[in-house]
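Colleague: I'm new to this one. Could you walk me through a few parts of it?

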Number of protein chains: 2
Amino acid sequence: MADLNNEKSGNITARGTDYSQWYLDVIAAADLADSSPVRGCMVIKPNGYAIWENIQKVLDQKFKEKGVKNAYFPLFIPKSFFEKEAEHVEGFAKECAVVTHHRLSLGEDGKLNPAGELAEPLIIRPTSETIIYHMYSNWIQTYRDLPMIMNQWANVVRWEMRTRPFLRTTEFLWQEGHTAHAANEEAEKMTMDMLEVYRQFIEEYLAIPAISGIKTESEKFAGAVYTATIETMMQDGKALQAATSHMLGQNFAKPFDVKFLGADGKQEYVSQTSWGISTRIVGALIMAHSDDTGLVLPPKIAPTQVVIVPVWGKETDKDIPVEAAKKIAKQLQNFSVHVDERDGRPGPKFYEWERAGIPLRIEIGPRDLANNIAIAVRRDTGEKTEISLENIDDEVGKLLNEIQENLFARAGKYQKEMTSKIDSYAEMTEFFQKGNGFAEAHWCESPECEKKIKDDFNATIRCISTDSVAEDGACPVCGKRSNKRVIIARAY
Amino acid sequence: MADLNNEKSGNITARGTDYSQWYLDVIAAADLADSSPVRGCMVIKPNGYAIWENIQKVLDQKFKEKGVKNAYFPLFIPKSFFEKEAEHVEGFAKECAVVTHHRLSLGEDGKLNPAGELAEPLIIRPTSETIIYHMYSNWIQTYRDLPMIMNQWANVVRWEMRTRPFLRTTEFLWQEGHTAHAANEEAEKMTMDMLEVYRQFIEEYLAIPAISGIKTESEKFAGAVYTATIETMMQDGKALQAATSHMLGQNFAKPFDVKFLGADGKQEYVSQTSWGISTRIVGALIMAHSDDTGLVLPPKIAPTQVVIVPVWGKETDKDIPVEAAKKIAKQLQNFSVHVDERDGRPGPKFYEWERAGIPLRIEIGPRDLANNIAIAVRRDTGEKTEISLENIDDEVGKLLNEIQENLFARAGKYQKEMTSKIDSYAEMTEFFQKGNGFAEAHWCESPECEKKIKDDFNATIRCISTDSVAEDGACPVCGKRSNKRVIIARAY
């Protein structure tokens, strides 16, 4: 993994100069994560983990409203389980951590060596369909046991070759939902219902415009009938897959023998879904809104929404503004507020909180106090507003709402600008030569044309959007008729 | 791991007949967990996981009030890190899962074989001192970076030979707090402060009397200067170590080079602590209060505090009591309430909720409605009370408080009855021949006498209680003078 600059005072590379370095610099400046001595694994530091905790809190609540129950399944998957679903093993065998021994013993060289070889190697879960459905086959007897709707918050491991903090790490944190239903249509509905939970969450809380769609056959989850996806656009015009929901049909039910006795007295395989969102979404959140000064967080997900910085002339005059700041904090009890009481000049403090992405900064000095006002500074626009101390609670609420809406609108405007209808191969060539963005193009549904696009432009079909309307057209690669556009983009 | 009877309608073995089987039966009857196909690993089912979620919620809040920040560190620990602290490796090398390969490849036999051997094996964390303190050594520069107080909620793996659901599993869930301080006394204070957080939580929420104390040298954490512990008594008179807090001093700071520049301009090693509580505590909770009918949960930690069972004569008369039950549920919005709307006779429902450990059951039938009352049945005593529908909110609150207090008092009474002052070896022999319990005895502090007790009675010194008072006496094993009693017991 690219080394994170752990020096908080380091400069942030401009987005325009080096987008990848900018991303790493923003993470370092806001102290969100650090690289670790374990290849491809990162440490999520308190500032970064607090964002993930907020994401968990909101989503967990939304899941529970949908009848989802949390459970916990083993980290280890027996190798034999892995072998049962052919596509699944094909998809994950190349990048999994394998446990082969259960102790270390001291060798003659004074080093510890693996000892106690296991009869059957264990795989560290890259995803848990196999072990969970094995359990489901024990738990599900009749239609009365259905639907079964469980979720786990867990760590998973995929041995990635190229890693980047949050976006792609060998170990990552996620939730994985797993359901079993009596009818295929129920599973189809569940797949799209959970996708919609993700879409709403990503738009409403993370302020990132989210496109719902279906993956092509070559991009679907290994073992799924089809995969539904949420695609988002980052500030370099690249796509980022933010969450997925898989219609598994009976693909796992059959090898894992997940059957139920129907009301009609017949044995039937269940229909299943799985769906997940991971710490990768924190990377999307960072990249969607931040700027050349540092992190920008939407108020609805920011661990600290408001920082109050009391301002004074001489250090001896500190007490009155500090007390005023604490009083304001009490008035703002509906928000998550931090009072910066440290000694020192205000300038570096302002800069620090800007880099950390705090949505709103309130400055309060002796002159402001005399006028019964404070200065509110928006992180998204830098705009300064005088706000009255009388009804500061309302004013702050209003400003935070405006910031949330502005971030969403700004990201939406950018996405729109970076999206083009592409109707010929020449246009597509020009589009991807110029840079990144979403190309809305027709596609004949052949894997060959999909592959040619990938080979020529390093771009993939991100999804067939659920919003795409019937429209007559021709595949820009082969010219065959098509009745729908797909979204093509380079991706994270 | 002993097989869990997954048949919910199975009978529960009486505690007096077979305590171990009773424990497994209670878990199965309340549907808390199941055995898994992975040796020593269990599946925590929704009913069991909801208890753990409640424990997490309360403790996480208490930690945050103490200034603890959550973070996340890698699952993997490089083997070389493990080798740095001699006692630590000695303590954990014999029971750790070792990752040696990073993919599977299809062999000629059609089987998947481990491939991609790692240059250095990785250990799955049995505990994270080594990796976390490696990071701390990068993060801590001066006294201004101290104290550093972090916690992670995570899974850990210890390759246990004999496992039991919740009490001892190869993989388990826990939190591990890790702190670094400028002064040794600060670390000592932290060790005991966090122990006190656990003690209060265990007594107040889990209603289990908790003894704070210090472990002997032979029972301390591998690498600690000393280990502070919370010891509890189960209903078979055995001890269960419920949480531990370790004073690490500079034992890890030195090999991991965790140094800081003091205010005096001198480089100094930090002093450290670590402390944890695991899913084992769910096992303690089950064993502390449950009875021969099934699970008993204290109201303050029960995922469902009240179940309302509407009662009717003919199925066609169902609507009125069901509507009344829903109305009551609305009045009880300060509590976690479930309304059992299912068809069927009330008897089996009552039985099911008793087995599941719901603290309070409210029965409401047509006759009760006519009298404007409901029947409340306590899970702890089976006692039935008529409660007025007018102020049902108050009545239920009062009853739940009484249940919480009664469970704590009952467990305290049992512990007291099962604890004896032991003043000679003959007395100790008789005590442990008769059965289990806490023996309060003098001890000369020699490992030899400690070992003889262990060999002769299969009992260990659980702790030197922080409440133990100075008292002249003699070691029952060797007769040497001692000035304090210790607690000796057989343990989980």
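Colleague: Let's start with a strand pair: which residue in β16(B) is the bridge partner of B:I308?

Modeller: Keep in mind that this is a predicted model. Strand β15 of chain B, residues 306-310, pairs with β16(B) in the parallel sense, over three bridges. B:I308 has its bridge partner in β16(B), and that residue is B:V339.

Colleague: And which strands stand at the edges of that sheet in chain B?

Modeller: The sheet is open, with five strands of chain B in the order β16-β15-β17-β18-β19 and mixed pairing. From one strand to the next, the twist averages 25 degrees. An edge strand here has a single partner, so one side of it lacks a neighbour in the sheet.

Colleague: Which helix of chain B lies across β15, β16, β17 and β18?

Modeller: Look at residues 319-331 of chain B. That helix runs at about 160 degrees to β15(B), and its name is α8.

Colleague: Now α2(B) and α7(B): are they roughly parallel or roughly perpendicular?

Modeller: Helix α2 (residues 46-65) and helix α7 (residues 280-289), both of chain B, pack with their axes 10 Å apart. The angle is about 110 degrees. Angles of 65 to 115 degrees count as roughly perpendicular. That makes α2(B), relative to α7(B), roughly perpendicular.

Colleague: How many nonpolar residues does that contact of α2(B) with α7(B) have?

Modeller: From α2(B) come B:G48, B:I51, B:W52 and B:I55, which meet B:I281, B:V282 and B:L285 of α7(B). One residue in the contact is polar and none is charged, while the nonpolar ones number six.

Definitions and conventions:
Residues numbered from 1 in each chain as written. Chains lettered and ligands numbered in written order. Predicted model: local features only at pLDDT ≥ 70, side-chain atom pairs only at ≥ 80, totals over all residues. Axes fitted to C-alpha atoms, helices over the stretch in contact; angles between N-to-C directions. Helix = DSSP H or I, 4+ residues; strand = E, 2+ residues; numbered from the N terminus. Parallel < 35°, antiparallel > 145°, perpendicular 65-115°, else oblique. Contact = placed C-beta atoms within 7 Å. Nonpolar A, V, L, I, M, F, W, Y, C, P; charged D, E, K, R; others polar. Pairing = 2+ DSSP bridges.
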